[in-house]
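Dear colleague,

Please find the structure for your review directly below.

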Amino acid sequence: MLFRSVLAGAALLALAAPALAEDAPNMIGKWIGMVDSAVMVGNTPDRTAEPGKKITFATESLQFTFDIKEQVGQRFGGAMDAPKRSETLIGHLYPDNKSGMMLDDDGQYFFNLSDANTMQLCYDHSKPDSKVIACWTAKRAQ
């Protein structure tokens, strides 16, 4: 009888181990990175291109900070701060718990976690009068 109990306990632990390994990583904290971007402006309100639509590339990097303040499972939220802007941020990890998506007030970020403290991100938005795309690395502040 004791052998069966030990065997049953070991089987339960073996089944629980993969579930523990799949727990969402802790996203809470400040993630900071320097961003370069490509910007396109000059669309008309009906989204057709004006003659002379201009594509520009950032000449200097901007510091972006994600301050993730709360997390429930794979869902999290906080704020995005950059020079002259601050926006609400929500996010969700994909089922692999290594990548995911975030939304701020007007755009979206796709990210991959390289390790517990490094995030590779790409941002985009497409508005009637502008489009922006940027990719960078953010590190968790220690």
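Among contacts in the protein (a contact means heavy atoms within 4.5 Å) between residues at least 6 apart in sequence, 40% join residues at least 24 apart. The model is a predicted one, in which local features need pLDDT of at least 70 and side-chain atom pairs count only at pLDDT 80 or more, while totals for chains, interfaces and linings use all residues. Residues are numbered from 1 along each chain as its sequence is written, and side-chain values use heavy atoms, with hydrogens and water left out.

The secondary structure comes to one helix and 10 strands. Helices (H or I, at least four residues) and strands (E, at least two) are DSSP runs, numbered from the N terminus. In order from that end, the elements run α-β-β-β-β-β-β-β-β-β-β.

Of the 142 residues in the protein, 30% are buried. Here buried means under 20% relative accessible area, exposed means over 50%, and partly exposed lies in between (1.4 Å probe, protein chains only). The protein exposes about 9,100 Å², and carbon and sulfur atoms supply 62% of this area. Accessible areas come from the Shrake-Rupley method with a 1.4 Å probe; for residues, only the protein chains shown count as cover.

Thr65, in strand E4, is buried, with a relative accessible area of 11%. Not counting residues up to four places away in sequence, Thr65 touches Lys30, Trp31, Ile32, Ala79, Met80 and Asp81. Gln63 is also found in strand E4, but counts as partly exposed at 40% relative accessibility. The C-alpha atoms of Gln63 and Asp81 are separated by 8.4 Å, although the two residues are 18 apart along the chain. Thr137 lies in strand E10 and is partly exposed at 33% relative accessibility. Thr137 and Gly33 are 104 residues apart in sequence, yet 5.7 Å apart in space, C-alpha to C-alpha. Leaving aside neighbours within four places in sequence, the contacts of Thr137 include Ile32, Gly33 and Met34, as well as Thr118.

A search of the whole structure finds one disulfide, a term for a pair of cysteine sulfur atoms within 2.5 Å. This bond joins Cys122 to Cys135, with an S to S distance of 1.9 Å. Because Cys122 lies in strand E9 and Cys135 in strand E10, the pair ties together parts that are 13 residues apart in sequence. The torsion about the S-S bond is about 110°, so the disulfide is right-handed. Cys122 is partly exposed at 30% relative accessibility, and Cys135 is partly exposed at 46%.

Finally, there is the largest pocket, which holds about 300 Å³ of space. On a 1 Å grid over the protein atoms alone, a pocket is an open set of points where a 1.4 Å probe fits, with protein on both sides within 12 Å along at least five of seven lines; lining residues have an atom within 4 Å of a point. The volume is the space filled by probe spheres set on the points, which are joined across faces, edges and corners. Of the 19 lining residues, Ser37, Phe64, Arg85, Tyr123 and Val132 lie nearest the centre of the pocket. Strands E4 (62-72), E6 (85-93), E9 (118-126) and E10 (130-140) each supply at least two residues of the lining, and E10 gives the most, with three.

Yours sincerely
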